[in-house]
Amino acid sequence: MNRPKRFHPSGIALAALALLVAGCSGVATRDIEAERASLQRDPVSMNAKNLPEAHIDASGAVKVGTDQLPLTDGQRALTRDYRAAVIELVDLTLSGTARITDHAMSRVLLASLIGRGDEAGEKVGRQAEAMVHSPQFCQLLDKVQQSQDRMVQSVVTLRPYAKIDTRAVENCRAGKPYDASI
């Protein structure tokens, strides 16, 4: 006996929900791409406890609070190198984040509907953790640390803003937790 196919509104709702969430992850990806584009034009900020924020612009000029630091051409080259290294690291992070979020939201939501949301969320967390311990990321973190150290040797005013140390790079490579706030 042939039975008519049944219409399952819950299946349609799930498909519509998956498309909606996929669209949200597309918005997140576009936001990340816009952030990547703004990296090149916006100053890189540095923070230190109880000190005004410092900014390094594309020319290598440095402002601490509202005061422009007088820099030699050599110092300006060092601040530009540091800024370029930071941008390269942040760009890698944003690029990796875009790849992770591309389908993560829909996967987690659909997994939640079948009782496996925690597993899907943990997988996304593992992907993010792997990204910040990848050889490429750790190599760029080392590059930032080295350029930071060269910069603050020459531009002494920025020493309190230097936060990345050799231990952070070593912990990155070893897959251990580290603090690498810039």
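Me: What counts as a disulfide, and how many are there by this rule?

Reply: A disulfide is a pair of cysteine sulfur atoms within 2.5 Å, and that rule gives one here. Please keep in mind that this is a predicted model, where local features need pLDDT of at least 70, side-chain atom pairs count only at pLDDT 80 or more, and totals for chains, interfaces and linings use all residues. Residues are numbered from 1 along each chain as its sequence is written, and side-chain values use heavy atoms, with hydrogens and water left out.

Me: Which residues form the disulfide, and how far apart are their sulfur atoms?

Reply: Cys-138 and Cys-172 do, with sulfur atoms 2.0 Å apart. Their link is left-handed, at -85° about the S-S bond. Cys-138 lies in helix α4 (residues 135–154) and Cys-172 in helix α5 (residues 166–174), 34 residues apart, so the pair links distant parts of the chain. Helices are DSSP runs of H or I with at least four residues, and strands are runs of E with at least two, numbered from the N terminus.

Me: Are Cys-138 and Cys-172 buried or exposed?

Reply: Buried means under 20% relative accessible area, exposed over 50%, and partly exposed in between (1.4 Å probe, protein chains only). Both Cys-138 and Cys-172 are buried.

Me: How do I read the sheet, and which strands stand at its edges?

Reply: Start with pairing: two strands pair if DSSP finds at least two bridges between them. Here four strands form an open sheet in the order β1-β2-β3-β4, with antiparallel pairing. β1 and β4 (67–68) are the edge strands; each has a single partner strand, so one side of each lacks a neighbour in the sheet. Strand β3 (residues 62–64) pairs with β4 over two bridges, and Lys-63 has Gln-68 in β4 as its bridge partner.
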